Amino acid sequence: MDVLTRGINQFSERLNAGLQCVEVPEWPDDDGKNTKIYFKPSLNLKQQQKILELSSKNLVVEAIAQTLILRALDENGKPLFNQANMNEIMRQLDPDVVSRIVTAMNAEDLSNDVIEKN
């Protein structure tokens, strides 16, 4: 098995390890329960590129919204948002809530990296 195949296998295992979850009490469902937003433990390089391009242009708010679009999933792993939702996310969602969600997603990603290094 060559190095590329081993790398592909490692990343595939990481992505298939299961979804992580962040609870959003500010967005209760119809039963009054906290909304749960699921996400994979990491993004691929192509997805990261979209966020990094926005960040490098100092478009931090857009990068945060893009992160939410790319990472937020339902319990079945289906995306909750799409690119067409960008303006609504940026203009109509509470920035504190969105920031908290994205921070939790990114913290989980960093935690996995730290765990793997140790």
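Predicted model: local features only at pLDDT ≥ 70, side-chain atom pairs only at ≥ 80, totals over all residues.

Started at a helix cap. N44 caps the N-terminal end of helix 2, with a side-chain oxygen 3.0 Å from the backbone nitrogen of K46.

Next I checked the length of helix 2. It covers residues 45-56, 12 residues, and at 1.5 Å a residue these should span 16 Å. I get 15 Å between the end C-alpha atoms, which agrees. Then I looked just past helix 2, where N58 takes a positive phi of about 65°.

Moved on to V61, which sits in helix 3 (residues 60-71). Is V61 buried, partly exposed or exposed? Its relative accessibility is 49%, so I log V61 as partly exposed; the exposed class needs over 50%.

Now the inside. The largest nonpolar core has 16 residues, and I37, L68, A72, F81, I89, I101 and M105 touch the most other members. Which elements each supply at least two residues of this core? I noted strand 1 (20-24), strand 2 (35-39), helix 3, helix 4 (86-92) and helix 5 (95-117). Helix 5 gives the most, with 5 residues.

Leaving out residues up to four places away in sequence, A72 touches I37, Y38, T67, K78, P79, L80, F81 and M105.

Last entry: there is a second, separate core of 5 residues, and L43, I51, L54 and L70 are among them.

How values were computed: Residues numbered from 1 in each chain as written. Heavy atoms only, no water. Helix = DSSP H or I, 4+ residues; strand = E, 2+ residues; numbered from the N terminus. Expected span 1.5 Å × (residues − 1). Polar contact = N/O pair within 3.5 Å; in protein donor to acceptor, adjacent residues only side chain to side chain. Buried < 20%, exposed > 50% of the residue type's maximum accessible area, 1.4 Å probe, protein only. Core = buried A, V, L, I, M, F, W, Y, C linked by side-chain atoms within 4.5 Å. Contact = heavy atoms within 4.5 Å.
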